Amino acid sequence: MTTLEEIDDLLPQTQCRQCGCDGCLAYARAILEEGAAINRCAPGGAEGIARLAAATGRPVVPLDPEYGREVPFAVARIRARDCIGCAWCIRVCPTDAIAGSPKHLHGIVEERCTGCALCLPACPMDAIDMVENGRTWTLEDAHRAREHHRNAAARRERLEAEDLARLDALRKPAAEKAAGGPSALIADIMARARRANAGDNRGGLT
């Protein structure tokens, strides 16, 4: 029986979501577990459909135009004169293929770009173009892109966890104050004062 990993291995890993799923792994799961059609991946095109048909035992069918059309591979390019450094493109890029800091010019790391075009609608200045670079997207490219995607997702999860931890640390003293209890720092100071006072009292009795 074909596994989820085997189906995922046959997809282009662009994470473009044109198929209606939240990334390639989600589409592979929909094919395997929900019987989703195998002709919804525009980046994979006819070749990808043929691979999926062979793996699943389903017939080869044309690409469903509702989910896009097969086009030459293209990468994103940011027009420097129009970029305002808002960083919205960075937030949506699935492979960390965009470099830059807030309020400064951003640029595309072409080796990481999957051509997903998710950055286009995210850009408020319409400063991004998709440019054909003469390359053909291969399964080897797809597998590298999947690693970039996993690493990017792990980095974002780590940063989110760190942000939540910082927020919790800030909220805790406020919550303690609202509840009428002392903060950890104040509680420590009070405990030291009580110990010091107890020592003074013992000294007075001897």
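1. Ala36 counts as buried, because its relative accessibility is 9% and buried means under 20% relative accessible area, exposed over 50%, and partly exposed in between (1.4 Å probe, protein chains only). Ala36 sits in the loop between H2 and H3; helices here are DSSP runs of H or I with at least four residues, strands are runs of E with at least two, and both are numbered from the N terminus. Leaving aside residues up to four places away in sequence, Ala36 touches Tyr27, Ala30, Ile31 and Arg58, where contact means heavy atoms within 4.5 Å. The C-alpha atoms of Ala36 and Cys19 are 9.9 Å apart, with the two residues 17 apart along the chain.

2. Basis of the values. This is a predicted model, in which local features need pLDDT of at least 70 and side-chain atom pairs count only at pLDDT 80 or more, while totals for chains, interfaces and linings use all residues. Residues are numbered from 1 along each chain as its sequence is written, and side-chain values use heavy atoms, with hydrogens and water left out.

3. Which residues have the most contacts inside the largest nonpolar core? They are Leu11, Tyr27, Ile31, Ile38 and Leu52, in a core of 19 residues. A nonpolar core is a set of buried Ala, Val, Leu, Ile, Met, Phe, Trp, Tyr and Cys residues joined through side-chain atoms within 4.5 Å. Helix H1 (4-9), helix H2 (24-34) and helix H3 (45-56) are the elements that give two or more residues to this core, and H2 supplies the largest share, five residues.

4. Leu11 touches Cys24, Tyr27, Ala28, Leu52, Leu139 and Ala142, again not counting residues up to four places away in sequence. Another core, of 16 residues, lies apart from the largest one; among its members are Phe73, Val75, Cys89 and Ala145.

5. Rolling a probe the size of a water molecule over the atoms shows where empty space is left. On a 1 Å grid over the protein atoms alone, a cavity is a set of points where a 1.4 Å probe fits but cannot get out, and a pocket is an open set with protein on both sides within 12 Å along at least five of seven lines; lining residues have an atom within 4 Å of a point. Grid points are joined across faces, edges and corners, and a volume is the space filled by probe spheres set on the points. The whole structure has four cavities of 30 Å³ or more.

6. The largest cavity holds about 100 Å³ of space. It is lined by 17 residues, and Cys93, Ala97, Cys113, Cys116 and Cys119 are the closest to its centre. The lining has 14 nonpolar, three polar and no charged residues; Ala, Val, Leu, Ile, Met, Phe, Trp, Tyr, Cys and Pro count as nonpolar, Asp, Glu, Lys and Arg as charged, and the others, Gly among them, as polar.

7. The second largest cavity has a volume of about 80 Å³. Of its 13 lining residues, Cys83, Ile84, Cys86, Cys89 and Cys123 lie nearest the centre. That lining divides into 11 nonpolar, two polar and no charged residues.

8. The largest pocket has a volume of about 700 Å³. Its lining takes in 29 residues, with Ala42, Pro43, Val71, Pro72 and Phe73 nearest the centre. H3 and H6 are the elements that give two or more residues to this lining, and H3 gives the largest share, three residues. By class, the pocket lining has 16 nonpolar, eight polar and five charged residues.

9. There are 16 salt bridges in the structure, a salt bridge being a side-chain nitrogen of Lys or Arg within 4 Å of a carboxyl oxygen of Asp or Glu. Asp96 pairs with Arg155, the closest N and O atoms being 2.9 Å apart. Asp96 lies in the loop between helix H4 (88-92) and strand E2 (98-99) and Arg155 in helix H6 (residues 139-178), so the pair ties together parts that are 59 residues apart in sequence. Asp96 is partly exposed at 23% relative accessible area, and Arg155 is partly exposed at 27%.

10. Asp141 forms a salt bridge with Arg135, with 2.8 Å between the closest N and O atoms. Asp141 is buried at 5% relative accessibility, whereas Arg135 is partly exposed at 40%. Elsewhere, salt bridges that share partners join Arg79, Arg81, Asp82 and Asp129 into one network.
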